[in-house]
Amino acid sequence: MSRLTAEYSIDIPSPCLIQWPIDETPTIDATIDGFSVRIVLQPVKDWRLTHKEENYYVTSIDSLEIFVSREENESPPPSRLNAKGGTDFSDQYPFINERATPYRDIAVKAANRLLNFYKYHLHAPLIEPIPEGHNGFANPRWFIDDDEQIAGNKVTFTVEYVAGLHGELRTYKFRPADESILQKYLTNVPDHSLADELLADAKSAWFEHNYRRAVLELAICVEVMVKRKYFEKASPAGAAFDYLEDKSQIRVRVLDLIDKIASEAFNRSFKNEHKNEYNHIDELFRCRNKIAHRGELKFRNEAGQTVEADSDMVALWWEAAYCLKDWLHELS
């Protein structure tokens, strides 16, 4: 038996921030589908922020080193020298080719689970999955028993753009305290609800300055969260609600569900407990209606005045939706 390891170098097309001890490199070990996986987060070389009172720096990741390993029943043939004195790996390629696909699949899975951790746990914006056809997965370096290279060359691709550096919309940096959480995340991926996806998409739209799309995504997110809390599909109430809604015999506002109806059903009211956030949800739906009807990023407030929605206002609506998400989770 021999231990085979594939090393992949993957660029990160998304803004992933870290706050880490100086002179240390974040390294995560996990087991995925029987493979041992090590992910080394490589920070950018051209910038980092430090504070005199802290032994930490803040920077972004521009690439990942992913090591995927397992024990193999066979060993590859030994390498040999070519005519120019270099290493000739051609005898080992058939051995590698028979095993390349499952190793690559694990590397793809590990990379995207890490990105989902940033997207859903650290709330990083603009996170996109890495396809298995990415160049970084095409030509890994291969090692036997952790030290002898038997095939492949190392290629690294990098990007520089970073969003969320200042913690906008609850964007967090990966810190040492998150290491154990990420290890569990890599092994057992939690389910992310439609509301989670919509909230993340609205955030990305905000960072892209596409505020109309952010408003629409947020309004859908709030409606989905609230109505699923009341009308689960598996419940009689859910079936009755679907029937009445299909027949156009029911009209219930989200604002009523989280205020008056919540008071009756749960003896709690989002309006009473989070007055400012409730008002922001009201503004969100007023603006959503104006976008849907006229494509305009504006709304009329309770005084009848026309208000132009800007970046800061949409950010407040996003925070209100996040607050509502937590509040709904607390309801019995």
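R170 is partly exposed, with a relative accessible area of 26%. Partly exposed lies between buried (under 20% relative accessible area) and exposed (over 50%), using a 1.4 Å probe and protein chains only. R170 sits in the loop between β9 (148-151) and α3 (179-187). R170 is not a glycine, yet its phi is positive, at about 60 degrees.

This is a predicted model, in which local features need pLDDT of at least 70, side-chain atom pairs count only at pLDDT 80 or more, and totals for chains, interfaces and linings use all residues. Residues are numbered from 1 along each chain as its sequence is written, and side-chain values use heavy atoms, with hydrogens and water left out.

H123 also has a positive phi of about 60 degrees without being a glycine. The loop between α2 and β8 (141-144) holds H123. H123 counts as buried because its relative accessibility is 12%. T101 belongs to helix α2 (residues 100-121). At 40% relative accessibility, T101 is partly exposed.

**Overall figures**

The protein has 11 helices and 11 strands. Helices (H or I, at least four residues) and strands (E, at least two) are DSSP runs, numbered from the N terminus. Of the 332 residues, 45% are buried. The protein exposes about 17400 Å², and carbon and sulfur atoms supply 46% of that area. Accessible areas come from the Shrake-Rupley method with a 1.4 Å probe. Among contacts with a separation of 6 or more, 71% join residues 24 or more positions apart. Contact means heavy atoms within 4.5 Å.

**Helix packing**

Axes are lines fitted to C-alpha atoms, for helices over the stretch in contact, and angles run from 0 to 180 degrees between N-to-C directions.

| Helix pair | Angle | Axes |
|---|---|---|
| α4 (residues 194-207) and α5 (residues 211-230) | roughly 165 degrees | within 8 Å |
| α5 and α10 | about 120 degrees | 9 Å apart |
| α10 (residues 275-294) and α11 (residues 311-330) | about 120 degrees | 9 Å apart |

Angles under 35 degrees count as roughly parallel, over 145 as roughly antiparallel, 65 to 115 as roughly perpendicular and the rest as oblique. A crossing is left-handed if the near helix is turned anticlockwise from the far one by less than a right angle, and right-handed if clockwise.

The axes of α4 and α5 cross at roughly 165 degrees. α4 is therefore roughly antiparallel to α5. Their crossing is left-handed. Contact residues include L194, L198 and W206 of α4 and Y211, L218 and M225 of α5. By class, this contact has 14 nonpolar, no polar and 4 charged residues. Nonpolar covers Ala, Val, Leu, Ile, Met, Phe, Trp, Tyr, Cys and Pro; charged covers Asp, Glu, Lys and Arg; the others, Gly among them, are polar.

α5 and α10 pack at about 120 degrees. That makes α5 oblique to α10. The crossing of α5 past α10 is left-handed. Among the residues in contact are R212, L216 and L218 of α5 and I281, L284 and C287 of α10. This contact has 10 nonpolar, no polar and 3 charged residues.

α10 and α11 are oblique to each other. α10 passes α11 in a left-handed crossing. Contact residues include H280, I281, L284 and C287 of α10 and W317 and L324 of α11. The classes are 9 nonpolar, 1 polar and 2 charged.
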